[in-house]
Amino acid sequence: MAENGEHYASASRSLPDMIAAETCYEAIRARDARFDGLFFVGMKTTGVYCRSVCTARTPKASSCRFFETAAAAEKGGFRSCLLCRPELAPGYIAPERSLAHAIGARLQATAFEAGSVEELARKSGFSTRHLRRLVRTAFGVTPVELAQTHRLLFAKKLLQETALPITEIALQAGFRSLRRFNVLFAARYGFPPSRVRRESRVEVADSLRLRLVYRPPLAWEQMLRYLAARAIPGVEAVVGSHYLRTIDLGAKPAWLRVGHDPERRSLVVEFSPEAASNLYPALHRLRAVFDLDANPERIAEKLADDPLLRAAFAHTPGLRVAGAWDAFEIAMRTILCQQISVAGASTICGRLVAQFGTAFATPHAGLTHIFPKPELLAEAELSSIASLGLPARRAETIREMARAVIAGALDFFPGTTSEDAVARLKSMPGIGEWTAQYLAMRLLRSPDAFPASDLGLRKAGGRGTPISEAALLARAEVWRPWRAYAAVYLWHSLSLL
């Protein structure tokens, strides 16, 4: 119960991880960033819904309704807050994500793709009707309503953070006409898009800048060091405190640059103008690359007091599991890394890019190419691939992997367990247990993946003296379901020995 006998209005849907209404209310009173994106609060007195970090005056507990998603809050009749901007809230990674939540995440990623609901249902092996029922039961909204909320919130983000014309924003957000966009936006939020644009006061610039919010802490410098060591020459670079890369999402080749704004708990992403037509998928991928939906507090509760991990947690809180920009790119990078050093793999990757990639002029010296397409490598002569400095067997693996990717081998759909995914990866050419677990960490975003055969992990497990894979796996049981994060802290602990 709240103070002074106040009571909490019940949430219309169950909250993630069984967060109690009392906990939600205390979080909004404290403006606690640890809960940002884990729930949204609807204010019955104003008709607005907010994030836990909103700086507006906290209402009485009896005036609050708590929702798991922004879509559920909007379905409940609440409109998005212009102050805290719910579209900025990070998502969350559950250790054991339900089928419905996995579907919801996939729908968010494909919110602008026509026929995505039917296609997702078909590839996941169940009917469209069953998919709709799963989503409605979990979130209180239909898949179409869920996708429409993502589209409108993204449009609101562009209105507030860019100087793009409203007509272009409507198209970016997946609406076929400006009129349809204006009608839906006004119906959902109670005012037209032009009002948001007038109040944003964003200056016209040569590039586009957008924000990606995270839950603190975030070990940014350590993330940059990890990415810098594995950067693909010509495609990626770390310059000072920024990460840069070239991108190709089906339109024109473009580049992006990512920096850190710790005071606002966000990354600032600068895009070249060519990226303007593909901002949504680019932002979605970047959230995965930097693991921005992680919940450090939840992970620390499980791992921070473990004797093997304690020193690393105390030294560097907020380590993340770096994700992947592209499935084929990370698969190539990982295969090339087998049995050679990280630096050696980067050298080979640079040769691969120079020979098979697409040259692309940018204002950044380290960005010169778009990573090769699988279609090109699938048809390449083995001698051409081997000329990069690879044995014939590894060259054949590269070509076979390219063909497998074209056939959809790296497409994983809701309902696929981590164990099934690893088994499927191991059935592919050139992928053993270590590679499958590593790809599960970085590509599939599995929080419990654990490449136990890794020499560095075995060395960290023995505090400098390598232990056996079996011994490390036995020791790692207590870290479930966050073994991927334990792996990151074990690797980091080697620098503290």
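Two strands count as paired here if DSSP finds at least two bridges between them. Keep that in mind for the close-ups below, which come from a predicted model.

**View 1. Strands E1 and E2 make a hairpin.** E1 and E2 (residues 48-50) pair up antiparallel, with three bridges between them. Val-41 sits opposite Cys-50 of E2. Four residues lie between the two strands, and one in the turn, Gly-47, has a positive phi of about 75°.

**View 2. E1 also pairs with E3.** These two strands run antiparallel and are joined by four bridges. Look for Phe-40, whose bridge partner in E3 is Phe-67. Phe-40 and Gly-42 point one way from E1, while Val-41 and Met-43 point the other way, and all are buried. In a regular strand, side chains alternate between the two faces of the sheet.

**View 3. Helix H1 packs against E1 and E3.** Cys-24, Tyr-25, Ala-27 and Ile-28 are the buried residues of H1 (residues 21-30). Looking down the helix axis, they fall within an arc of 160°, so they line one face of H1. These buried residues pack against E1 (40-43) and E3 (64-67). Just past the helix, Arg-31 takes a positive phi of about 50°.

**View 4. Five strands form an open sheet.** The order is E5-E9-E8-E7-E6, with antiparallel pairing. E5 (208-213) and E6 (236-239) are at the edges with a single partner strand each, so one side of each has no neighbour in the sheet. From one strand to the next, the twist averages 25°. Six bridges link E5 to E9 (residues 266-271) in the antiparallel sense, and Leu-210 stands opposite Val-269 of E9.

Conventions
Residues are numbered from 1 along each chain as its sequence is written. This is a predicted model: local features need pLDDT of at least 70, side-chain atom pairs count only at pLDDT 80 or more; totals for chains, interfaces and linings use all residues. Side-chain values use heavy atoms; hydrogens and water are left out. Axes are lines fitted to C-alpha atoms, for helices over the stretch in contact, and angles run from 0 to 180 degrees between N-to-C directions. Buried means under 20% relative accessible area, exposed over 50%, partly exposed in between (1.4 Å probe, protein chains only). The arc is that of the directions from the helix axis to the C-beta atoms. Contact means heavy atoms within 4.5 Å.
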